[in-house]
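Please open the model in a viewer and keep the selection tool at hand.

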Amino acid sequence: MIGFLDRSGLLSNRGRVIIALVGLGALFVFAGGVIACAENAQGDLMSIAAARGISPDDAARALKSFVPPGGKDDYLIFASGGHSGQVLVVGVPSMRLLRVIAVFTPEPWQGYGYGSDWSAQALADSSPGKEEIRWGDSHHPALSETDGDYDGRWLYINDRAHGRIAMVDLKDFRTKQVIHVPNLQTSHGGIFATPDTKYVHISSMVPALKRWDAKVGASVTVDEHLNNYGDIYRGYSTFLKIDQDTGRMAVEDSFQIELPPYTQDLADAGKGPSYGYAFINSYNSERATGGVNFGRQPLEVGASEYDFDYLHVINWQKAEEVIAAGNYEEVNGIRLITLETAVAEGLIHLVPEPKSPHGVDVAPNGNYLTVSGKLDPHVTVYGFDKILAAIEAEDFEGTDDYGIPIVRFDAAVAGQVEVGAGPLHTQYDNEGNGYTSLFLETAVAKWSLGEPYHSGDEAWQLVDKLGVHYNIGHLATAHGDTMNPRGGYLVALNKWSLDRFTNVGPLLPQNFQLVDLTGETMDLLYDMPIGVGEPHYAQIVSTDVINPEQVYPLGTSAMTGEISAQAIEGGEQSRIEHRPGETEVWMTVIRSQYAPDVVPVKLGDKVTIHLTNIEQTLDATHGFSIPGKDIMVSIDAGETITIEFEADTPGSFSFYCTEFCSALHLEMQGWLIVEEE
Ligand code: K7E
Ligand code: CUA
């Protein structure tokens, strides 16, 4: 070992690697009891690390994030897939991509949106305008909760480009519902589930014209847009009622609250003492319209004029009473509480937020609300108890232009911490600390909350800071949006990666960075490139609570969960029925055969094929596609899928199984024969 000490007697870097690895080797000796073998292992580890120039710190980090082949992760990240329109499922700490869930965009491998009765329908039903939308900007995921903690039932996510929201069933990791929410044109951070998942909330991002109908539109002139913006535009806060059996959003049981035309941004649910409330921040309370070519200020200038914007404090339990009393209007198919009614009934209060705020994040105890202004170096933490007391005492600094009372800023603030430049979003750990992303500084700041977590000099302190690479947007901690955060890990969602990976530019991957929270200071463990879009937000959930089903009971429709009797009746499951102008086929699918495998139809027939995968083995998935048809379905074990198409071209067409399912997979094909009369 002497040879690895440098001249000053301190360990050289290489020496430190070797000592760290010798320690590791000693562990192997202890575990295995075979000294010769352990020496070999040490020798190998030492030479591998030395040959690859890996430092002892990096070797330790590798061990902290490495999951051996066949090993399982402790947590799952459900991350938005940004412009891909999908949801990414990533293991923690390994940072291995485990699944891509198709949500707003067709995805061929999963057969999503390529002809199947359930997914193509979900996508088609949700297109808001006059044409079918084939993409989405998936943005803010929200896992369902029970008693204020993730329960592993469902995941909701919005499409920033539209007022769309989707439900993913975590029983089979499939999207079951995509809806366009009335009156919204775009949506942003308004997604959250209440602590009991009674409601999932989505709000508008950019205000839309009042009574905007996505299918019909609304009439407006440039002059009205520039001069009457504050009167003709409105924001909307939507509480979508969740069916507790299916997780589906029931628009008919839901309601909306009209908001001023500020740009509503991120939102969070009250919990514990603040249960029954929703918090939505906003910017552009200036109501700047843009229009440089019409002699107006650029939007970014106009929208940054005021020192304060507003946090909306919404009492949704009271709103439920207003709805129950019938005090609403039905607008574009949803019950809407107008802004006038909301003000008259005291459903909304505003709290000033410094300088173009972006995030609002409720702390685990439900009392602290952290906001950060993009142009202010502080996080500002309100006490919900203080806000309530101020509302009760009518400690207001006036009203806004729409008559909403504004709580006096100083009456609401519990603490402020100077964290650094460009604070955006905050997450929490299990020890009363907040972690705030700093976009401009490209760092994560760790800081302490006040009572009951920390008191005296320990409270409201900047504790630690870690540089990230680069331009962090959101960040996520384990169960970090719940009343029961787990600590341990943090993932930084960075927008730029510059020099972090081999250059594949000019468009470089986003960078998920895994951070260890268990030590004295935050430690960066791993970089994971994301090359499919700009993920905005993610939630991290313990694998304990995610239990997908193994296989579907035979004949199950994934969309409805219903079991089709026809698909499973013995003998009846493989047959062809010809009727004038149409052919209906019940086809079984198993390794390595379709039955029937020759399907005769007449030219011009409407063809319906019910495909049932009659396997009951996990991962025994088959596919089905037909040349010349935009059809590609993926049929999991037990599943039934129906496809429909028109036999518009005479000839024979070799359909085949698209999944390499067995040794005789290549033989798993058949013929569609389209006969002319
Ligand atoms: Cu900060 Cu669109 Cu959640 Cu991105 S939003 S960062
Ligand atoms: Cu079934 Cu290949």
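Select Leu 369 and then Tyr 382 in strand 21, which stands opposite Leu 369. Strands here are DSSP runs of E with at least two residues, numbered from the N terminus. The model is predicted, so local features need pLDDT of at least 70 and side-chain atom pairs count only at pLDDT 80 or more, while totals for chains, interfaces and linings use all residues. Residues are numbered from 1 along each chain as its sequence is written, and side-chain values use heavy atoms, with hydrogens and water left out.

A hairpin of four residues links the two strands.

Next, select strand 19 (residues 357–362), also antiparallel to strand 20 and joined to it by five bridges. Asp 361 stands opposite Thr 370 in strand 20. In the turn of this hairpin, Gly 366 has a positive phi of about 80°.

Now select strand 20 (residues 368–373): six of its six residues are buried, so the strand is largely enclosed by the rest of the structure. Buried means under 20% relative accessible area, with a 1.4 Å probe and protein chains only. Tyr 368, Thr 370 and Ser 372 point one way, and Leu 369, Val 371 and Gly 373 the other.

Finally, select Met 587, whose contacts (heavy atoms within 4.5 Å) beyond four places in sequence include Tyr 594, Ile 609 and Phe 655.

Terms used
Chains lettered and ligands numbered in written order. Buried < 20%, exposed > 50% of the residue type's maximum accessible area, 1.4 Å probe, protein only. Pairing = 2+ DSSP bridges.
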